[in-house]
Every structure is written in structure tokens, then in C-alpha cells.
Amino acid sequence: MLTDLTIAAAAERLRRGDLSAVELTRAALDRIAATDSAIHAFLTVTADEALAQAAAVDAERKTGHDRGPLAGIPIAVKDVIATKGVRTTAASKILADFVPPYDATVTRRLRDAGAVIVGKVNCDEFAMGSSNENSAFALTRNPWDLDRVPGGSSGGSAAAVAARQAFASLGTDTGGSIRLPAGYTGIVGMKPTYGRVSRFGVIAYASSLDQVGPMARDVTDCALVLQALAGHDPRDSTSVDRPVPDYGAAVARGADEGARGLRIALPREYFGGGMQPEVEAAVRAAAATFTSGGADVQDASLPHTEYAVSCYYVLAPAEASSNLARYDGIRYGLRAPADGLLDLYRKSRAAGFGPEVKRRIMLGTYVLSSGYYDAYYLKAQKVRTLIRRDFERVFADADVIVTPVAPTTAFRIGEKTADPLQMYLSDVFMISVNLAGLPGIVVPCGVDAAGMPIGLQIVGPPFGEEVVLRAARAFEAATSWHQLRPPELAEGKPPK
Amino acid sequence: MAGSGGRCYTPPPVKVSVDDIRHVALLARLALTPEEEAELTTTLDSILQHMDQLNRLDTTDVEPTAHVASVAAPFRDDVVTNAPDADALLANAPARDDDLFLVPKIID
């Protein structure tokens with residue numbers, strides 16, 4: 001099937017002329033039509049616009065102009081990323097009818113690279129969640145087992161790639177929202193360094209943590225999309241003005257040299273406890289793969305790991321409570337019938353936000369309120385410094401850090417919705433990386449007894465995307481986990 | 001003295017009252033139902049109890065991290081870069097009158 005091709009393979013055929021962008025886009029749209037009633041990854045499918053974009057790429061290619069490896073490749077975009085003229089909801093009722101008047105910088109960069117946007121994919125409301133169960137509109141299911149969550153918050157982005165509905169997708173990652181669903185669905189997802197990719201036009205959740213990144217089926221494809229996204233944007237004041245390396249070269253080095261000479265740290269705080277034994281075994285086996293590939297794998301310590309979840313759930317809701325103050329029912333978004341201005345604010349926000357968003361706004365407002373600021377917010381900012389220093393110490397002697405993605409594989413739908421704190425703890429191995437602003441990638445490294453994918457996280461120092469990609473590709477080249485695919489789809493029949 | 005197995009369980013002190021929740025909900029401009037107030041009183045309390053673990057750490061001489069980016073806020077020239085387009089900006093307005101956003105009366 002055309003939809004099984006990697007981006008690299010499809011791009012080669014497009015370049016040779018034995019495949020057209022329109023054919024490839026039709027294949028993706030047909031796949032979405034055949035499978036999305038079971039998966040529910042998409043909130044909006046932009047079939048007409050996608051086919052028009054694809055036709056334009058084909059016409060341009062006939063004139064001899066080649067925009068590069070993403071030209072004509074169908075890609076899905078998380079619904080917190082603005083797409084001009086296409087509804088962008090953040091999976092929230094408060095933005096149910098919002099149509100952005102402009103493209104996010106990452107959307108524009110995809111379009112400039114000739115990528116074909118096939119639609120907008122589901123997520124937890126305002127990217128707040130670890131399971132995708134907080135969407136106001138749809139329950140996205142894990143293509144490996146439809147009774148399990150795809151992870152969150154970029155669950156639609158992950159499920160669409162795993163189910164072969166799109167060749168890659170954009171996600172956002174504030175506390176693991178790219179990496180956790182990538183791990184739960186057996187694909188590759190990368191959170192770049194804070195500042196590497198513009199957030200202009202990305203609906204804000206927690207601005208000191210939010211970052212956009214690629215999700216794809218292998219490391220090579222992930223690097224191709226990152227190459228298109230990365231770079232300075234004067235319209236995002238946190239975007240860093242430094243040269244963008246050749247990520248393809250870093251990936252090639254991983255394939256050519258393997259893990260030889262890489263110094264890899266294995267933090268002891270990321271193992272044991274309530275971890276699913278198969279997860280620990282798979283990650284330890286991955287470490288052994290690195291060792292036999294010539295890497296120097298050493299135990300290390302990130303002593304403040306256990307504080308990361310508490311630190312994050314002070315800081316992120318605090319920032320969210322401020323960012324989401326803009327949804328007031330005045331200039332855009334839902335407006336509830338009300339008696340006077342204050343009543344309009346309170347009723348519009350009550351009607352528009354779902355339970356988890358309300359919970360985080362309340363938590364954030366509480367920790368910022370008079371009398372609690374020093375005890376919670378300032379304290380958490382200081383603990384954030386301790387977490388950063390942990391990583392600085394380890395990176396003095398290591399090129400990358402390797403960890404599990406989560407203590408378990410994807411959990412069942414409804415399993416954690418009753419207890420918000422248990423849901424928050426799913427992100428325990430993800431969150432420190434956001435607090436420290438580091439790049440991290442997730443690659444598949446095994447399956448458990450139920451056949452659910454297990455992910456491996458590889459973390460680098462700030463702006464260390466190249467060494468992260470090299471290590472990830474070296475692992476991928478030495479294993480075949482990335483070639484596994486969701487079982488019901490492998491049998492060629494639509495999911496139940 | 002707690003002997004073997006003799007330690008009594010003392011429930012942790014409650015941090016959040018329903019009055020706190022009502023006060024914070026007003027600050028946050030959220031109208032909550034009585035059920036939501038009750039649920040948030042319980043869940044915020046348990047979340048904040050968990051966060052108390054942060055107080056086990058001595059952070060006396062630790063600088064806070066607001067942001068990992070080390071760059072200062074950049075300056076730009078104060079020039080308009082987008083063309084005025086009132087229709088585009090008002091297209092998502094829940095209520096409008098020509099080129100204006102309509103809001104409830106705020107001054108009698």
C-alpha cells in the first residue's frame with residue numbers, strides 16, 4: 001500500500017516521477033475514510049484543499065522546481081496549531097467555530113516545503129492531558145488496541161501516523177505530549193530544544209514549556225520534518241537565532257557509525273518502583289544494544305526526578321491560568337447568554353471549558369493567588385533550577401541520557417479518568433525534559449505480552465538534536481521494532 | 001512512641017475549603033456548579049497535598065528558573081507589518097456591529 005511508504009521512500013518515487021502527489025494524497029484520504037470511524041484521529045479532514053495543494057506540487061514539479069523531500073507528502077496537524085481558513089479548535093468547545101485568519105509559522109513552513117496538510121487532528125483540550133480523553137469532540141483510540149488510549153495530549157497526531165492515515169504529523173509537547181503518545185503508539189516523536197521551533201500561531205498552554213515537534217514512523221522521517229520546522233522566527237520572542245544543522249547528516253551518521261563512541265547515561269531514578277517489568281526489560285535490552293554497538297553506557301543519577309511532577313503541576317497550570325484568561329467571550333470564541341460583563345466572562349468560560357481545563361485554571365489561579373505565590377509558584381521555580389542542574393551534571397560526562405517513556409504501556413480507556421493525580425503521574429519520565437528545556441526523542445524498543453508498543457526516550461543537552469537523532473538512528477538501525485505495525489491493520493482489514 | 005505497627009494514621013490537614021474554591025473561581029472568572037465546587041475542593045486538596053513534597057527540599061540559596069532560554073527579550077522597530085483588515089479580525093467575533101465588537105453595557 002502507498003500509505004505504508006516512509007516519507008523518504010515516497011519522496012524518492014515522487015522525485016523519479018513514478019508517483020504523483022495527487023495519487024499519494026488520495027491514498028492517504030482513502031485510508032482516513034476507511035479507518036477513522038474506528039480511530040477518530042481527525043477533527044477536520046481538508047480533502048479538497050489537500051488535493052488542490054497536491055496538484056499544485058505536481059504542476060510545479062513538472063516545471064522542474066523541487067521543494068525538497070516533503071513536497072507532496074500528506075501530513076496531519078494537531079488542532080492547537082493555527083491553519084489559515086481551516087477551523088482550529090484546541091479540541092475545546094470554547095473554540096468550536098474558530099477559524100484562524102493566519103497560519104502558524106510551523107504551518108507556513110510546512111506549506112513552503114510543499115507538504116500537503118490532510119487535516120487537523122484531535123488532542124486533549126488545550127493540550128492538557130495524557131490520554132486524549134479530555135477532548136471535547138472525540139475519543140481517539142490506540143490503533144494497536146482500540147480499547148486503549150493513544151496517550152496525550154497529541155493522541156490524534158500519534159494515532160494518525162500509527163494507523164497510516166498520514167506520513168507524519170505535528171504535535172506539541174509541554175509535559176510529554178509528543179513523546180508519551182509516540183511511545184504508546186509505537187512511532188517516533190521528537191520534542192526539540194525549547195526555542196528551536198517557533199510557537200507563533202500555536203495556541204498557548206504553558207509558555208515556558210510549550211514546544212512544537214514532529215511525529216513520524218522512523219527517525220529519518222522525523223528528521224526530515226524537523227528540518228522544515230526548525231529555525232529562528234522574529235514573531236516568537238523565545239525562538240533562538242542560531243544556525244539549523246543538517247539533521248539528515250546526523251541521522252546518516254547514526255546509520256553509518258552506529259553507537260560507536262557514544263557516552264550514554266542511564267538514570268537510576270527512572271527504573272524500579274511500580275514499573276511494568278516488560279518495560280524495564282525492554283529499556284535494559286536497549287541499553288545492551290547500545291553497548292554492543294560500541295557505546296559506553298554508564299549508570300547516572302538525576303536525584304530530583306521525584307519532584308518533577310509536583311514542580312510541573314504548579315508551573316504549567318499557573319502559566320495556563322494566565323494564558324487562558326484571553327478566552328472571555330468578547331473577540332472570538334463561545335459567548336454564553338449572560339447578565340452583564342462579569343457574568344458573561346464567568347458563564348462563557350464555564351460553558352466553554354471542560355473539566356480538566358477548569359481544574360488547571362483553578363489550580364494555577366490558586367498557586368498564584370495572594371498568600372500562596374511564594375509557597376508554591378516561587379518554590380516550584382527554584383526546584384526547576386535543581387532539576388536543570390541535575391541534567392547539567394550528567395551531561396558533563398554523557399552525550400545522551402536514555403530512559404523509559406512511561407512506567408507502563410498504553411492504559412485502558414477510562415482507567416485513570418477518576419483520579420487526576422494518577423493521570424498526572426503518567427508523565428513522570430517526560431516532564432523533567434520540558435522543565436530543563438531539552439531535546440528528547442522517543443523510538444519504539446519492544447512490545448509487551450499484550451502486544452502493546454514500548455518506547456525508549458533519548459534526551460540530549462540543549463540544542464543537541466544532532467546527537468539525539470544520531471543515537472536514535474543507531475538504535476533503529478540495530479533493531480527492527482520500528483517495522484512493527486498495529487496488528488489489525490497488518491492483516492489488511494479495517495479495525496473492529 | 002510508635003511501637004511495631006503501633007503508629008496511628010492521621011489524615012493530612014485539609015488545605016482547601018469550598019470557600020477558597022469560590023474565591024479562586026471568582027478570580028479565574030469561572031462560574032462553577034455546586035457539584036464542580038465540591039469536586040474541585042477534593043481534587044485540588046489532594047493535588048496540593050502531593051505538592052507539599054517540594055517543601056522537603058532546601059532551596060534557600062537557589063535562584064528561581066522562570067524560563068530556560070537565556071536570551072533577553074529582543075527589541076524590534078515599532079512598525080506595523082500587517083495590513084489593517086477589520087473583517088478578518090472580526091470574523092470570529094460572537095457579536096459585532098459593523099467594525100466593532102459588541103459587548104454588554106458596562107456603564108449605566
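Guide: Start with H10(A) and H2(B), which are oblique to each other. This is a predicted model, where local features need pLDDT of at least 70, side-chain atom pairs count only at pLDDT 80 or more, and totals for chains, interfaces and linings use all residues. Residues are numbered from 1 along each chain as its sequence is written, while chains are lettered from A and ligands numbered from 1 in the order in which they are written.

Visitor: Why are H10(A) and H2(B) called oblique?

Guide: Their axes cross at roughly 125 degrees and come within 9 Å. Axes are lines fitted to C-alpha atoms, for helices over the stretch in contact, and angles run from 0 to 180 degrees between N-to-C directions. Under 35 degrees counts as roughly parallel, over 145 as roughly antiparallel, 65 to 115 as roughly perpendicular, and the rest as oblique. So H10(A) and H2(B) are oblique.

Visitor: What makes a residue pair of H10(A) and H2(B) a contact?

Guide: The C-beta atoms, placed from the backbone, must lie within 7 Å. Ser310(A), Tyr313(A) and Val314(A) meet Ile47(B), His50(B) and Met51(B) this way. Ala, Val, Leu, Ile, Met, Phe, Trp, Tyr, Cys and Pro count as nonpolar, Asp, Glu, Lys and Arg as charged, and the others, Gly among them, as polar.

Visitor: What makes H1(B) roughly perpendicular to H2(B)?

Guide: Their axes cross at roughly 110 degrees and come within 9 Å. That angle makes H1(B) roughly perpendicular to H2(B). Val18(B), Ile21(B) and Arg22(B) of H1(B) touch Glu37(B), Leu40(B) and Thr41(B) of H2(B). Here the residues divide into three nonpolar, one polar and two charged.

Visitor: How many residues of the two chains are in contact?

Guide: 53 residues of chain A are in contact with 42 residues of chain B. On the side of chain A, H13(A) gives the most, with 11 residues. Helices (H or I, at least four residues) and strands (E, at least two) are DSSP runs, numbered from the N terminus.

Visitor: What makes E1 and E8 of chain A edge strands?

Guide: Two strands pair if DSSP finds at least two bridges between them. The open sheet has 11 strands with mixed pairing. E1 and E8 of chain A each have a single partner strand, so one side of each is left without a neighbour in the sheet.

Visitor: How do you know that E4(A) and E6(A) pair?

Guide: They have five bridges, in the antiparallel sense. Ser169(A) stands opposite Met215(A) in E6(A).
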